[in-house]
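Work through the exercises below with the structure open. Each one gives a task, followed by a solution in steps.

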Amino acid sequence: MDAALAAAALGPRGANPLVGAVVIGSDGAPVVTGYHRGAGTPHAEVDAIAQATAAGVDLHGTTMLVTLEPCNHCGRTGPCAQAIINAGIADVVYAVDDPHDPAAGGAATLRAAGVRVRSGLGAVAALDLNRRWFDAVAAKRPFVTLHIAQTLDSRIAASDGTSQWISSPESLADNHALRGRIDAILVGTQTVLVDNPRLTARNADGEPSGRQPLRAVMGLRGIPEDAAVNGTDGKVLHLPTRVPGEALEQLFDAGVRHLMVEGGSRILSAFLAAGLVDELIVYLAPTLLGSGTPALEDLGIGTLADAQLWDWDQASGGAVQLLGRDLRLHLRPGTVSPSKTSPDSTPRNAADTAAGGN
């Protein structure tokens, strides 16, 4: 199960949980390992089975260990439970139940087909790996990735408003690759008025590439008719609210399951203050401005004891990467605040903090 968890962490965070699977033979030795590489790709169980098939390995009578209950539904891919049955795998051990209603029920299907099923092995680690994804599913809201491109002194624009480009070409390419796999990208109306962004996924030549996200604009002011964000494909949505939770509710109803929040400062701060950020990606450029637009505004924190605590996220490419001249920092919300780190402390509920918005 430890190997399955390690494999799971290789996948990207987002609309789907991180899942890994390891098949072992009768001697207990690993036969094949698989993991989920993102929405639309084979699930971990199917990935492992496909690798075994390609290598000519017969899986009849083997045991599969997987970090999440095998799914039981047909989405972009087929049900993993049926794939396991078809492969002749005799035993399945999974860590935690799938809380997603459309996907749940795989264990029952496996048992009905005569597969021996057990659960709970590695449950604590599996729950921690996907802690924020479980929270998003329970709240019926999108998984939220917040992205900041800033200087060493936490500026996202110079005093004259110029910001293109603080990040290196390598950081920009990484960000556009992320745009290509999310469901929607969100900015505030002020950002639309000042920067006039396109909010599209583009290649190195600046041309649209691959799958495009829904472009969402949050704020009470309307979107100007000549704004670049309108595009020509109709994939733009105005969210007439300043409250992050309300925006997420509207986006969830629109089918969005993975949202990237890009700015500006008010929007970034509002989502952070509301405790509604599941993943934080910061592109840190080795540049100093000394003045200009700060990355964040007031988060409503008056004392160090109430500071937000973030953990380095080793999943999905690691906590720190060097992209050109920039550092890419990858973090996820901590489970406790600095003042609540004693052994008998309970996790701080970031959602209790105040919300705001642009």
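This is a predicted model: local features need pLDDT of at least 70, side-chain atom pairs count only at pLDDT 80 or more; totals for chains, interfaces and linings use all residues.

**Exercise 1. An aromatic pair**

Task: Determine how many aromatic pairs the structure has, and state how the rings of Trp133 and Phe134 are arranged.

Solution: A search of the whole structure gives 1 aromatic pair. Its rings belong to Trp133 and Phe134, and their centres are 5.3 Å apart. For the arrangement, use the angle between the planes: over 60 degrees counts as edge-to-face. The planes of Trp133 and Phe134 stand at 70 degrees, so the pair is edge-to-face. Both residues are buried.

**Exercise 2. Charges over rings**

Task: Find which ring Arg37 lies over, and which ring lies under the charged end of Arg257.

Solution: Start with Arg37, which lies over the face of Tyr35, at 4.0 Å from the ring centre. Then turn to Arg257: its charged end sits over the ring of Phe252, 3.7 Å from the centre of that ring.

**Exercise 3. A loop residue**

Task: Locate Ser26 and decide whether this residue is buried or exposed.

Solution: Ser26 is in the loop between β1 (20-24) and β2 (30-35). Exposed means over 50% relative accessible area. Ser26 has 83%, so it counts as exposed. Along the chain, Ser26 and Thr63 are 37 residues apart, while their C-alpha atoms are separated by 7.7 Å.

**Exercise 4. Two helices**

Task: Describe how helices α2 and α3 are placed relative to each other.

Solution: Two packed helices are described by the angle between their axes and the distance between the axes. Take the distance: the axes of α2 (residues 44-54) and α3 (residues 80-87) come within 9 Å. Take the angle: these axes cross at roughly 30 degrees. Angles under 35 degrees count as roughly parallel. The helices α2 and α3 are therefore roughly parallel to each other. Their crossing is left-handed.

**Exercise 5. Backbone angles**

Task: Locate the cis peptide bonds that end at Trp165 and Gly264, then examine phi of Leu199 and Ser316.

Solution: The bond from Gln164 to Trp165 is cis, with omega near 0 degrees. Trp165 lies in the loop between β7 (155-157) and α7 (169-179). Another cis peptide bond joins Gly263 and Gly264, with omega about 0 degrees. Gly264 is in the loop between β11 (258-263) and α10 (265-273).

Next comes phi. Leu199, which is not a glycine, has a positive phi near 60 degrees. This residue is in the loop between α8 (189-195) and β9 (214-218), and at 2% relative accessibility Leu199 counts as buried. Ser316 is also not a glycine, and its phi is positive at about 55 degrees. Ser316 is in the loop between β14 (310-312) and β15 (320-323). At 14% relative accessibility, Ser316 counts as buried.

Key: Residues are numbered from 1 along each chain as its sequence is written. Side-chain values use heavy atoms; hydrogens and water are left out. Rings of Phe, Tyr and Trp (its six-membered ring) pair if their centres lie within 6.5 Å; planes under 30 degrees apart count as stacked, over 60 as edge-to-face and the rest as tilted. Buried means under 20% relative accessible area, exposed over 50%, partly exposed in between (1.4 Å probe, protein chains only). A charge sits over a ring if NZ of Lys or CZ of Arg is within 6 Å of the ring centre and within 35 degrees of the ring normal. Helices (H or I, at least four residues) and strands (E, at least two) are DSSP runs, numbered from the N terminus. Axes are lines fitted to C-alpha atoms, for helices over the stretch in contact, and angles run from 0 to 180 degrees between N-to-C directions. Angles under 35 degrees count as roughly parallel, over 145 as roughly antiparallel, 65 to 115 as roughly perpendicular and the rest as oblique. A crossing is left-handed if the near helix is turned anticlockwise from the far one by less than a right angle, and right-handed if clockwise.
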